Amino acid sequence: MASNATVCPAPMAATSNGVFQGNNPLHYALPLAILQICLVVTVTRTLAYFLRPLRQPRVIAEIIGGVLLGPSALGRNKSYLHSVFPSRSLTVLDTLANLGLLFFLFLVGVELDPKSLRRTGKKALAIAIVGISFPFALGIGSSFVFRQSISKGVHGPPFIVFMGVALSITAFPVLARILAELKLLTTDVGRLAMSAAAINDVVAWIFLALAIALSTSGHSPLVSVWVLLSGCCFVICAVLVLPPVFKWMARRCQEGEPVDELYICATLALVLAAGFATDAIGIHALFGAFVVGILVPKEGPFASALVEKVEDLVSGLLLPLYFVSSGLKTNVATIRGAQSWGLLVLVIVTACFGKIVGTIVVSLLCKVPTREALALGFLMNSKGLVELIVLNIGRDKKVLNEQTFSIMVLMALFTTFITTPLVVAVYKPARRANMDDYKHRTVERKNPRTEFRVMACFHSSINIPSLINLIEVSRGTDRPQGLCVYSMHLMELSERPSAIRMVNKARKNGLPFWNKGQRQINSDRVVVAFEAFQQLSGVSMKPMTAISAMANIHEDICTSAENKRVAMIILPFHKHQRVDGSMETTRNDFRWVNQRVLEHARCSVGILVDRGFGGTTHVPASEVSSSITVLFFGGCDDREALAYGARMAEHPGINLTVLRFLMEPQQSQAIDTIDDEYLAEFQQKTKNESSMKYEVRMVGNSVETIAMIRELSRSDLFLVGRKPKGEVAATLDVTSDIPELGPVGSLLASSDFSTTASVLIVQQYKSLASSDSPVISI
């Protein structure tokens, strides 16, 4: 007997027994989910690699990857779609994707500081308000056109709000990535864009919550009221209950110590519980996670530990699933006919016009320069991930049909993709046009009484003690203008979403990266160290922050050095000394940064091989007692090292020894007049200085040279040129795979060289290095 009843597919079992027992892994939930994740990660990462030269954020690759894996491209092959993404597996895929989204919104909340919103300037506030209201109004107008054409029958109020939010939103996380890629984070444009986008995001989430509450179609209007009231009660309860709990946890987490796993697990459980509560209310679960994230204290190690524990798994594996889940719902083939394509053009033009024109007009009224106003308009038009969240929620709530959803996804992709090219076309950070007065690019100079500017770079707190002690002995005495130090914190901008936390630390280039008026109890130890040194020494310290990918962070260093007119950049070596005396690589990326700075810097460069110079704490000026040795073979780099050593010798606690290596007379064939004149002047000016000693060592070969250098291992610091010249230097046969240190620096930095002395390898700026007239700074 035939039956007309619909047979539902059986639910998928979790695991299979393997192919040898006749099971197809693609018919089971776990192996199929593993295959889907691997496929998603491979496709999105490959696309991101090819889009990197176009300086597109990774979200673009993930959106395109999701569309390609869906029915718009590969999904046209039904056998592929039914095998890899069968309909009965989509529930598991959507659950994993939404779980990743839940924790991603928690991370966004952790990274968004409400205090910074209260400190937002009037310009950013005006840009944010107009940047929301103008496109929101145009979105309402577009919604009436859609309801008369492809969206007939949808519930009016929620559809209007969804369209307004979709056109007015600015993706704060995506904008942070674009600004960093374009190196605009520390500019006025970057500061305004980030502040306005943060306000925009918060307002957009409020409107989205309203849209969700209104989307209770088929129920009494009172249901929407109850949803809104319950949502407000949830926020009030969370604000009253959670901050004291989080502050108690944060107080028990000490700086430099691992955070208790119990606190991490409890916080993540609270995120899930908040998601359950808001979902039960009728608002999406991600709102609960977002609220919990905002309430987490931003100071101290607790927030950083939370981000570190969660972000890699979420952003690397789970979040890309959300884009694929969106891509599987996007079918470009549904956009057919003149009407549909006309609506796509209408939405793109409306979205771009509302955001760009609205932002430009209010920026010009706020007296922002024209180029910067154009750049702000294009930056505020970026959408990306947050746009997809809005669209997916609208589709799940049956507010957006399949065709409208596809049109809006393409609009989000287009507006985000064009952001970077348009900004690059209209705006480049203004560099100082006239560099004619930038003359002191080296330590060696004709007028030693001019201000000595140094840019000292560091990666982490481990570099700080020796760096401060080096600055202490570099400040000299009896100079009217003294020493000015720009201490640059090098922070890698990875693909992690926690880059936003670093963005919040960045300020206008050249200003401190801390807020003296808003000091917290658990301040960064780096900040404390520099402030204490500045107060004790009187040296002008101007901390800065460089946030870039390791591949191009050297551009930030070189550009900032030129803008600040520094004479020398000091970089930390990529290895540090272990307890047993051997040199251990901290991170090989730093080595390539050093090499690029040596190649591109338009001033002198020093690389500090740190073996604990001065100890682990700052040594006060009255207690400094160090022996510094300059190994002089000849050439411009050695003259630069000697000029720096002579400046250090002015410090009352420094004893300077200059050793000049010469070939024995019977083997010598050449005389370097420039070096001889330079050293003669040095001897003349220092002959009455008891703290300076000049010696000449005659050698016959490289073995004797190396043996003499080994005898000097009791020094505290060696100063050497990177590329020594002369007959003795030509005989040195030091094999090394570290060309940035040069032959002498490689010998002194090797683990085979038994010493506790630090080494500063110096390279003089080449345009002045070719000068035939010796100059000296004493």
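The structure is a predicted model, in which local features need pLDDT of at least 70, side-chain atom pairs count only at pLDDT 80 or more, and totals for chains, interfaces and linings use all residues. Residues are numbered from 1 along each chain as its sequence is written, and side-chain values use heavy atoms, with hydrogens and water left out.

**Overall make-up**

- The chain comprises 29 helices and 13 strands (DSSP runs numbered from the N terminus, with H or I of at least four residues for helices and E of at least two for strands).
- Of its 778 residues, 55% count as buried (under 20% relative accessible area, with exposed over 50% and partly exposed in between, using a 1.4 Å probe and protein chains only).
- Among contacts (heavy atoms within 4.5 Å) with a separation of 6 or more, 81% join residues 24 or more positions apart.
- The chain exposes about 33700 Å², of which carbon and sulfur atoms supply 58%; accessible areas come from the Shrake-Rupley method with a 1.4 Å probe, and for residues only the protein chains shown count as cover.

**Helix 1 with helix 13**

- The axes of helix 1 (residues 29-51) and helix 13 (residues 301-329) come within 9 Å and cross at roughly 85 degrees (lines fitted to C-alpha atoms over the stretch in contact, with angles from 0 to 180 degrees between N-to-C directions).
- Helix 1 is therefore roughly perpendicular to helix 13 (65 to 115 degrees; under 35 counts as roughly parallel, over 145 as roughly antiparallel and the rest as oblique).
- Ile37, Val40, Val41 and Arg45 of helix 1 meet Gly316, Leu317, Pro320, Leu321 and Val324 of helix 13.
- Seven residues of this contact are nonpolar, one is polar and one is charged (Ala, Val, Leu, Ile, Met, Phe, Trp, Tyr, Cys and Pro count as nonpolar, Asp, Glu, Lys and Arg as charged, and the others, Gly among them, as polar).

**Helix 7 with helix 17**

- Helix 7 (residues 156-168) and helix 17 have axes that come within 11 Å and cross at roughly 15 degrees, so helix 7 is roughly parallel to helix 17.
- Phe159, Met163, Ala166 and Leu167 of helix 7 make the contact with Thr404, Met408 and Met411 of helix 17.
- The residues of this contact divide into six nonpolar, one polar and no charged.

**Positive phi in loops**

- Lys398, in the loop between helix 16 (385-396) and helix 17 (402-417), has a positive phi of about 65 degrees although it is not a glycine.
- Lys398 counts as exposed, at 71% relative accessibility.
- Arg565, in the loop between helix 22 (553-563) and strand 5 (568-572), has a positive phi of about 55 degrees and is likewise not a glycine.
- Arg565 is buried, with a relative accessible area of 14%.
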